[in-house]
Amino acid sequence: IRFSMAMKIQEYGNKEIKNAIIKSFIEKDPKYFIPFLLSKNVFVEYWNKTKFYQIFKNEILNLEMKDGFREIKFEKQDWGYYDDYTKLNIYDNYHLNPRFTILFKDENEKLYLEFNPF
């Protein structure tokens, strides 16, 4: 997908952006997140927003949740470079470990998004 420059870019609050990611997973609809990703206050690490969206989309569409969602929760990230990040973990009813994790860093009205490095 290519993001059109004709799209009106808005600025969303960090809570709205986090809720949009959760809704995208619950509804298995990554396109819902596009306007939030394009928000002026959202930044992605290592990749541009188009590449970030492609990975995000693939993760959502390929994610298999055995027996549905068990829990979606924010947890403190507590290692190395990512100490100041919070992670959103999505669990199913079968596995003990999260099925998906995305990292968030709130900093001065800016929201940085990152995937776990492994």
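Trainee: Which residues do ring pairs link into a cluster?

Mentor: In this predicted model, ring pairs join Phe25, Phe33, Phe52, Phe56, Phe100 and Phe115 into a cluster. A search of the whole structure gives nine aromatic pairs.

Trainee: Why is the pair of Phe33 and Phe56 called tilted?

Mentor: The ring centres of Phe33 and Phe56 are 5.0 Å apart and the planes stand at 45°. Phe33 is in the loop between helix 1 and helix 2, whereas Phe56 is in helix 3, 23 residues apart. Both residues are buried.

Trainee: What makes Phe52 and Phe115 a stacked pair?

Mentor: Their planes are at 20°, with the centres 4.7 Å apart. Stacked requires planes under 30 degrees apart, so the pair of Phe52 and Phe115 is stacked. Phe52 belongs to helix 3 and Phe115 to strand 5, so the pair ties together parts 63 residues apart in sequence. Phe52 and Phe115 are buried.

Trainee: How do you know that the charged end of Lys105 sits over the ring of Tyr112?

Mentor: The distance to the ring centre of Tyr112 is 5.6 Å. The cut-off is 6 Å for NZ of Lys, together with an angle within 35 degrees of the ring normal. Lys18 likewise lies over the face of Phe74, at 5.4 Å from the ring centre.

Trainee: Why does Asn41 count as buried?

Mentor: Its relative accessibility is 5%, and buried means under 20%, so Asn41 is buried. Asn41 lies in the loop between helix 2 and strand 1. Leaving out residues up to four places away in sequence, Asn41 touches residues including Tyr12, Asn14, Ile17 and Glu109.

Trainee: What makes the Asn41 and Asn14 side chains a polar contact?

Mentor: The distance is 3.4 Å, and the limit for a pair of N or O atoms is 3.5 Å, with one able to donate a hydrogen and the other to accept it.

Trainee: Why is Glu109 called exposed, and Lys28 partly exposed?

Mentor: Glu109 has a relative accessible area of 65%, and exposed means over 50%, so Glu109 is exposed. Lys28 has 39%, which falls between the 20% and 50% limits, so Lys28 is partly exposed.

Trainee: What is phi of Lys28, and of Glu109?

Mentor: Phi is near 50° for Lys28 and near 65° for Glu109. Most residues other than glycine have a negative phi. Lys28 is in the loop between helix 1 and helix 2, and Glu109 in the loop between strand 4 and strand 5.

Technical notes:
Residues are numbered from 1 along each chain as its sequence is written. This is a predicted model: local features need pLDDT of at least 70, side-chain atom pairs count only at pLDDT 80 or more; totals for chains, interfaces and linings use all residues. Side-chain values use heavy atoms; hydrogens and water are left out. Helices (H or I, at least four residues) and strands (E, at least two) are DSSP runs, numbered from the N terminus. Buried means under 20% relative accessible area, exposed over 50%, partly exposed in between (1.4 Å probe, protein chains only). Contact means heavy atoms within 4.5 Å. Rings of Phe, Tyr and Trp (its six-membered ring) pair if their centres lie within 6.5 Å; planes under 30 degrees apart count as stacked, over 60 as edge-to-face and the rest as tilted.
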